[in-house]
Amino acid sequence: MKLVPLGDRVVLKQLVAEETTKSGIVLPGQSKEKPQQAEVMAVGPGGMVDGKEVKMEVKVGDKVIYSKYSGTEVKLDDEELIVVKQNDILAVIEN
């Protein structure tokens, strides 16, 4: 199945939280809070949203930071995704 967002919505896949000890041992999933970092899986078309022209500024594959309490969690084909509005995305992570 494929999830296609409408309007100014973006589908995100949360990045896995890994915690590393001082000696370099990786402890996956030990974080108390979910990270607000995610990868963009799908992007809506933008266009007219609430009477305003919206240009989509993120693209599939971007790594982003999104607002803590935003979006709707969706489970699709055993994969947990989050659907957010573009204005809930705070920043794009660049290497």
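Biologist: Is Y69 buried or exposed in this model?

Modeller: Y69 counts as exposed, because its relative accessibility is 74%. Exposed means over 50% relative accessible area, buried under 20%, partly exposed in between (1.4 Å probe, protein chains only). The model is predicted, so local features need pLDDT of at least 70 and side-chain atom pairs pLDDT 80 or more, while totals for chains, interfaces and linings use all residues. Numbering starts from 1 along each chain as its sequence is written, and side-chain values use heavy atoms, without hydrogens and water.

Biologist: Where is Y69 found?

Modeller: In the loop between strand 7 and strand 8 (72–76). Strands here are DSSP runs of E, at least two residues, numbered from the N terminus.

Biologist: OK, strand 7. Which residues are on its covered face?

Modeller: V64 and Y66. K63 and I65 make up the uncovered face. In a regular strand, side chains alternate between the two faces of the sheet.

Biologist: Which strand does strand 7 join over 3 bridges?

Modeller: Strand 4 (residues 37–43), running antiparallel. Strands pair if DSSP finds at least two bridges between them. Q37 stands opposite I65. Strand 7 also pairs with strand 10 (residues 89–93), antiparallel, over 4 bridges. There, Y66 stands opposite I89.

Biologist: New topic. How many residues are in the largest nonpolar core?

Modeller: 13. A nonpolar core is a set of buried Ala, Val, Leu, Ile, Met, Phe, Trp, Tyr and Cys residues joined through side-chain atoms within 4.5 Å. V64 is one of the members that touch the most others.

Biologist: What does V64 touch?

Modeller: Its contacts (heavy atoms within 4.5 Å) include L12, V40, V58 and I89, leaving out residues up to four places away in sequence.
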